[in-house]
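This report is for a reader new to the structure. Please look at the sequence and the model first, then read on.

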Amino acid sequence: MHANCWPLRRMLASDHAEVRQVYVDAVLNLSPRIYSQAQLDAWSAVALLPGVLDETLRSGYGLVSCNGETIEAFAVLHPVDRVALLYCRARSHRQGRGGQLLVSLEKEASRQGVKKLRSEASYISHPLFERMGWLTVEKEQLLIGGVSFERFRIAKSLA
């Protein structure tokens, strides 16, 4: 992880269209060697389907990592004990943004009295979560747009 400290700020309602673009970019450009084309199509479509991410983006505690005015990565707690979203543009991958966002969400959850965080990690994000001290609870199967996926249920106790 880079020692860079990227500027983070709270996600605004006006950021929602751009964070959806970050989501699609991350899925389509970081995952092609791991996931099939059918999986990539189904997964990336989630960001653009009306209603699917609306509640999480609107009600969650969201942070964005920017390069100038451009959002390069984002993460959302929703509810307060779950990391619901963590995505980074391919061009900004492996710069420490995901780790910085995760640490910030952990601090916010702890501030709000959360003792244990939970999430679901893809094969792309799972190594980051593990490096950050998260433990795998189990692998699970799910359907996204009728396409089968495998992911990891993960958790971390907050001291």
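A residue is called buried when its relative accessible area is under 20%, exposed when that area is over 50%, and partly exposed in between, with a 1.4 Å probe and protein chains only. Gln 39, at 15% relative accessibility, counts as buried.

The model is predicted: local features need pLDDT of at least 70, side-chain atom pairs count only at pLDDT 80 or more, and totals for chains, interfaces and linings use all residues. Residues are numbered from 1 along each chain as its sequence is written, and side-chain values use heavy atoms, with hydrogens and water left out.

**Overall form**

The protein has five helices and seven strands. Both kinds of element are DSSP runs numbered from the N terminus: helices are H or I with at least four residues, and strands are E with at least two. Read from the N terminus, the order is β-α-α-α-β-β-β-α-β-α-β-β. The radius of gyration of the protein is 15 Å, close to the 15 Å that the globule rule gives for 159 residues, so the protein is as compact as a globular protein of that length. The radius is taken over C-alpha atoms, and the globule rule is 2.2 Å times the number of residues to the power 0.38. Along its principal axes, the C-alpha trace spans about 40 × 35 × 30 Å.

Buried residues make up 50% of the 159 residues. The accessible surface comes to about 8,300 Å², and carbon and sulfur atoms account for 52% of that surface. Accessible areas come from the Shrake-Rupley method with a 1.4 Å probe; for residues, only the protein chains shown count as cover.

Contact means heavy atoms within 4.5 Å. Among contacts between residues at least 6 apart in sequence, 63% join residues at least 24 apart.

The protein carries 20 positive and 16 negative charges, and their mean positions are 4 Å apart. Lys and Arg count as positive and Asp and Glu as negative, while His and the chain ends are not counted. Each charge is placed at NZ of Lys, CZ of Arg, CG of Asp or CD of Glu.

Helix H1 (residues 16-30) has 15 residues and reaches 21 Å from its first C-alpha to its last, close to the 21 Å expected at 1.5 Å a residue. The expected span is 1.5 Å times one less than the number of residues in the helix. Buried residues of H1 include His 16, Val 19, Val 22, Tyr 23, Ala 26 and Leu 30. An α-helix has 3.6 residues a turn, so residues three or four places apart point the same way. The buried residues of H1 pack against H2, helix H3 (54-59), strand S2 (61-67), strand S3 (70-77) and strand S4 (82-88).

Helix H2 (residues 37-46) holds Gln 39. The buried residues of H2 are Gln 39, Leu 40, Ala 42, Trp 43, Ser 44 and Val 46. They pack against H1, S4, strand S6 (135-144) and strand S7 (147-157). Leaving out residues up to four places away in sequence, Gln 39 touches Val 147, Ser 148 and Phe 149.

Glu 72 lies in strand S3 and counts as buried, at 2% relative accessibility. With residues up to four places away in sequence not counted, Glu 72 touches several arginines, including Arg 89, Arg 91 and Arg 97.

Val 83 lies in strand S4 and is buried, with a relative accessible area of 1%. Beyond its neighbours within four places in sequence, the contacts of Val 83 include Val 76, Leu 102, Leu 117, Phe 129 and Trp 134.

| Pair | Apart along the chain | C-alpha separation |
|---|---|---|
| Glu 72 and Gly 60 | 12 residues | 19 Å |
| Leu 12 and Gly 68 | 56 residues | 16 Å |
| Val 83 and Ala 155 | 72 residues | 9.6 Å |

**Loops**

Leu 12 lies in the loop between strand S1 (8-10) and H1. Leu 12 is partly exposed, with a relative accessible area of 46%.

Most residues other than glycine have a negative phi, and most peptide bonds are trans. A cis peptide bond joins His 78 and Pro 79, with omega about -10 degrees. Pro 79 is in the loop between S3 and S4. Arg 94, in the loop between S4 and helix H4 (97-111), has a positive phi, near 65 degrees. Arg 94 is exposed, with a relative accessible area of 62%.
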